[in-house]
Amino acid sequence: MTKTSTAPVLSVRALNRATLDRQLLLRRAALSATDAVGHLVGLQAQNVKPPYHALAARLAGFTPQDLSAPMEAREVVRIVTLRSTIHTHTADDCLTLRPLVQAARERELHGFRKGLAGVDLDRLATVSRELVEAEPRTMKQLREALLVEWPDADPSALAVAARCRLPLVQVTPRGLWGQSGQVALTTAEHWLGRPSEPAPAPDATVLRYLAAFGPASVQDMQTWAGLTRLRAVFERLRPQLLTFADEHGVELFDLPDAPRPDADTPAPARLLPELDNLLLSHADRSRVVPPDHKGRTWRGNQAYRTVLVDGFLAGLWRLEESADRAVVTVEPFGTLTRAQRDEVTEEAARMLGVLSGSSSYDVRFGTVVPD
């Protein structure tokens, strides 16, 4: 990270408020779900529900159908892109962001070289495309079909290679609210009925990242995208950007007309899904995660849903649902004031009213992560 001593300094709270504003978390936005997904440059989506919870926290009047409908219409898709994780993207972003990060997906294959010995990766991509475009395939079905061609290869490595080489989207009903369906894959081009775009120059993506996550450093952007060597891009854009420094002297870039609210701007309580991009998209996450709470949003491979109070990570939450009742349990990391508890309770009740199919619901304060 480059350090500078001459740029204006932005405090942690100032960075927090700027980022929350751009993340639509200072006030709920009157945007369509598709427009919000585009503005946020995608939503983390390892599981089905997180994108719905993310939008419920950010959009005024949101209902699950607001995301399910464009997903059914193939205007929004689920695909592996940033940081090699599944994201919900607009169709346009699917066809451009995936080519942008393709080199990073190719690098993933280095860890599977042993299992791919003797495999022609170009032919594997051709065979895989034919298979999934003939009919959507589960990863198990894809592994089994590819083993016919390469019986001595590691089956898991074959499927990973297909996923890395091809832009494979998860077809519906996977991803639709209230519907079940295992993960079945086809190519983005086949699903969307149009070809992928050439890999774009990263300049436009840097500007979009700053609009959704800025002010930010070069390392922040690289962390978000899973890319490297972006310093030259920022330097090329420098004449049209503003520069600041954080409290440690790290240089931050920003759009001149982007919102940078006062550090004392009120930030309402919000309940976010596990692995929300707000918490994953900066190398230095202290603008949202206080040092004392670092590492508390997951244990092992288990990620937990998070609570924001006054704009910062302040606890975890768990949802338990049955046919006739839904219960949200909130575990604060520290003591909340009475007003903060009331605010968290109100936000949890609102979320349940939007997303729960149960006829009644309750909000409790207790333990989410057992000792």
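Residues are numbered from 1 along each chain as its sequence is written, and side-chain values use heavy atoms, with hydrogens and water left out. Because the model is predicted, local features need pLDDT of at least 70 and side-chain atom pairs count only at pLDDT 80 or more, whereas totals for chains, interfaces and linings use all residues.

Helices (H or I, at least four residues) and strands (E, at least two) are DSSP runs numbered from the N terminus. Five strands form an open sheet of mixed pairing, in the order β8-β11-β12-β13-β14; two strands pair if DSSP finds at least two bridges between them. β8 (270-272) and β14 (361-365) are the edge strands, each pairing on one side only. On average, neighbouring strands of the sheet are turned by 25° against each other, direction ignored. Axes are lines fitted to C-alpha atoms, for helices over the stretch in contact, and angles run from 0 to 180 degrees between N-to-C directions. Helix α14 packs on the sheet and touches β8, β11, β12, β13 and β14, its direction making about 150° with that of β14. Contact here means heavy atoms within 4.5 Å.

β11 and β12 run antiparallel and are joined by five bridges, with Leu 308 opposite Leu 313 in β12. The two strands form a hairpin with two residues between them, and Asp 310 in the turn has a positive phi of about 55°. β12 and β13, also antiparallel, are joined by seven bridges; Arg 318 stands opposite Thr 329 in β13. This second hairpin has four residues between its strands. β13 and β14 run parallel, joined by five bridges, and Thr 329 has Arg 364 in β14 as its bridge partner.

Val 309 belongs to β11 and is buried, with a relative accessible area of 9%. Not counting residues up to four places away in sequence, Val 309 touches Ala 314, Leu 336, Gln 340 and Val 344. Val 309 and Val 344 lie 35 residues apart in sequence, with a C-alpha to C-alpha distance of 7.7 Å.

A nonpolar core is a set of buried Ala, Val, Leu, Ile, Met, Phe, Trp, Tyr and Cys residues joined through side-chain atoms within 4.5 Å. The largest such core has 35 residues, and those with the most contacts inside it include Trp 317, Val 328 and Val 344. The largest share of this core, five residues, comes from α14. Another core, of 25 residues, lies apart from it and includes Leu 82, Leu 97, Val 233 and Leu 237.

The buried residues of helix α9 (residues 155-165) include Leu 158, Val 160 and Cys 164. These buried residues pack against α5, α6, α7, α8 and β4. The axes of α8 and α9 are 9 Å apart, at an angle of about 110°, which means that α8 is roughly perpendicular to α9 (65 to 115 degrees; under 35 counts as roughly parallel, over 145 as roughly antiparallel and the rest as oblique). Among the contact residues are Met 139 and Arg 143 of α8 and Pro 155 and Ser 156 of α9.

Note on methods
Buried means under 20% relative accessible area, exposed over 50%, partly exposed in between (1.4 Å probe, protein chains only).
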